[in-house]
Amino acid sequence: MFFRFILVNVFSFIKRFFAFNPTLYGAIVFLPLFTVLSPVISKKSLLFVILFTFILLITGNISSFGNFIMYFLLLLAIPMFKRVSFETLLSRSFWFFVVVSIYGLTQKAFGYSPIEKRWIQSGLSFASEREFLTDDIRPFSTFASMPEFTLFIAVYIFFFAIKKKYWLLLFSLLMLYIAGSRGVFVSTLVSYFFTFVWKRYTGGYLFLSFLTSCSLFLFLVFVFPILFSSADTGSRMLAYGTFNGRVELLAKVLENSSFADLFTGLNLSKMDLESTFDNLYFMLIAHFGIFGGLFFLFFFLKQKIDRKSFYFLSIFLGYGFYADMLFSYYLMFLFFFAIYSQSCLMDDRKALSLSSPNDGSLNKGLC
């Protein structure tokens with residue numbers, strides 16, 4: 001699993017070297033999918049995949065199936081993630097955390113490398129050239145985009161917090177801000193507050209963290225533009241920008257949809273709509289209806305809630321207001337690893353010392 005973890009998080013950097021040939025680039029982008037190959041698959045997930053493929057078919061949204069394939073493959077590979085030790089893998093990957101952080105800081109300070117600029121200008125990147133080549137550099141290090149980089153940092157924030165590595169934790173919090181994905185940043189802060197400040201991480205508090213993230217999202221939609229519409233700031237964290245366009249798209253779709261459409265799902269092709277809305281919840285409702293979307297989420301969320309699963313599920317639910325994250329294999333691979341992997345340390349409710357109190361290494365408390 002160690003090799004797969006590194007490959008998924010570094011592959012986006014590797015593929016940028018092939019931007020000179022769109023055909024070759026388009027072929028190799030599917031290589032990371034092999035990282036979920038496993039001799040054992042989840043039977044419950046297989047039934048889930050069949051059911052929701054059928055729903056896409058009968059609602060007229062079968063053309064969207066390709067967007068869900070990567071998520072379905074990850075669901076089938078859940079047994080593989082459950083065999084992984086969270087602390088062991090992150091301890092072995094600590095050097096990688098240092099490298100990608102330094103590289104991200106280098107991008108922020110000195111701009112993108114020639115390879116990355118050619119990739120951005122090739123039209124193969126995930127955003128247009130004008131969004132990248134500005135005075136406010138948005139670092140993505142070796143990752144597919146800023147959200148994946150920011151989520152990777154959020155994974156290590158949890159790791160350093162449970163290991164009580166406070167200087168590394170402080171550095172990671174700084175990197176969380178520098179990485180610059182507003183949705184992941186806000187969601188991680190909410191999750192961190194509940195997990196490590198308030199120290200409440202049951203199912204009920206997970207719902208409360210969801211409501212908190214929802215309130216912050218609504219603040220950004222309705223209050224933020226009023227407060228900062230005339231503010232002159234160079235920080236993207238305070239920039240409304242494309243977020244405004246996403247909100248306007250959602251408002252337009254809601255205006256042209258009936259109440260019945262929201263229960264049965266929208267026929268996206270007939271309404272001449274794209275499959276993505278930059279909002280997980282609306283995207284699920286659009287494809288599967290309200291009840292189908294709820295069951296879709298429930299299947300991912302139904303599990304024993306402990307400190308680790310609470311932290312990452314809280315981030316997942318919070319970031320869902322800002323992105324159709326199911327469509328990003330790289331992002332969801334990190335979520336599946338973080339949520340389904342085994343933790344060697346008990347949470348604060350069942351504290352148990354697993355190693356010598358004098359051991360200060362990063363390997364403290366491993367299985």
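**Entry 1: Valine 40**

I opened with valine 40, which is partly exposed at a relative accessible area of 41%. My cut-offs, with a 1.4 Å probe and protein chains only, are under 20% for buried, over 50% for exposed, and partly exposed in between. Before going further I noted that this is a predicted model, where local features need pLDDT of at least 70 and side-chain atom pairs count only at pLDDT 80 or more, while totals for chains, interfaces and linings use all residues. Residues are numbered from 1 along each chain as its sequence is written, and side-chain values use heavy atoms, with hydrogens and water left out.

I placed valine 40 in the loop between helix 2 (22–28) and helix 3 (43–58). Helices here are DSSP runs of H or I with at least four residues, strands are runs of E with at least two, and both are numbered from the N terminus. Leaving aside neighbours within four places in sequence, I found valine 40 in contact with Leu76, Pro79 and Arg83; contact means heavy atoms within 4.5 Å. Methionine 80 is 40 residues away along the chain, with 7.4 Å between its C-alpha and that of valine 40.

**Entry 2: The whole chain**

Next I stepped back to the chain. I counted 18 helices and zero strands. Of the 367 residues, 51% are buried. Among contacts with a separation of 6 or more, 74% join residues 24 or more positions apart. The chain exposes about 17100 Å², and carbon and sulfur atoms supply 67% of that; the areas come from the Shrake-Rupley method with a 1.4 Å probe, and for residues only the protein chains shown count as cover.

How confident is the predictor? The mean pLDDT of the chain is 82, and 77% of its residues reach 70 or more; pLDDT is the predictor's confidence in each residue, from 0 to 100. I flagged residues 233–241, where pLDDT is below 50 and the model has 22 contacts beyond near neighbours in sequence. I also flagged residues 351–361, where pLDDT stays under 50 and there are 11 contacts beyond four places in sequence.

Threonine 195 sits in helix 12 (residues 182–197). Buried or exposed? Threonine 195 has a relative accessible area of 0%, so I logged this residue as buried. Its side chain reaches the backbone oxygen of serine 191 at 2.7 Å, a polar contact by my rule: a pair of N or O atoms within 3.5 Å, where within protein one must be able to donate a hydrogen and the other to accept it, and residues adjacent in sequence count only if both atoms are side-chain atoms. Not counting residues up to four places away, threonine 195 touches Phe158, Tyr201, Arg307, Phe310 and Tyr311.

On the surface I picked out a nonpolar patch of Phe193, Val197, Trp198, Phe207, Leu208 and Leu211, together about 540 Å² of accessible area. Helix 12 and helix 13 (203–228) are the elements that give two or more residues to the patch. The largest share, three residues, comes from helix 13. Patches take residues with over 30% relative accessible area and no salt bridge, joining like charges within 9 Å and nonpolar side chains (Val, Leu, Ile, Met, Phe, Trp, Tyr) within 5 Å. A salt bridge is a side-chain nitrogen of Lys or Arg within 4 Å of a carboxyl oxygen of Asp or Glu. Leucine 211, found in helix 13, is partly exposed at 37%.

Which residue lies 256 positions from serine 341 in sequence, yet 5.8 Å away in space? I found serine 85, going C-alpha to C-alpha. Serine 341 is in the segment after helix 18 (329–340) and is buried at 5%. A polar atom of its side chain lies 2.6 Å from the backbone oxygen of phenylalanine 337. Beyond four places in sequence, serine 341 contacts Phe81, Val84, Phe86, Lys308 and Phe336.

Phenylalanine 321 is in the loop between helix 17 (307–319) and helix 18, buried at 8%. Its contacts beyond four places include Phe210, Cys214 and Tyr281.

**Entry 3: Positive phi**

Most residues other than glycine have a negative phi, so I checked for exceptions. Serine 141 has a phi near 50° and is buried at 0%. Lysine 164 has a phi of about 60° and counts as exposed at 54%.
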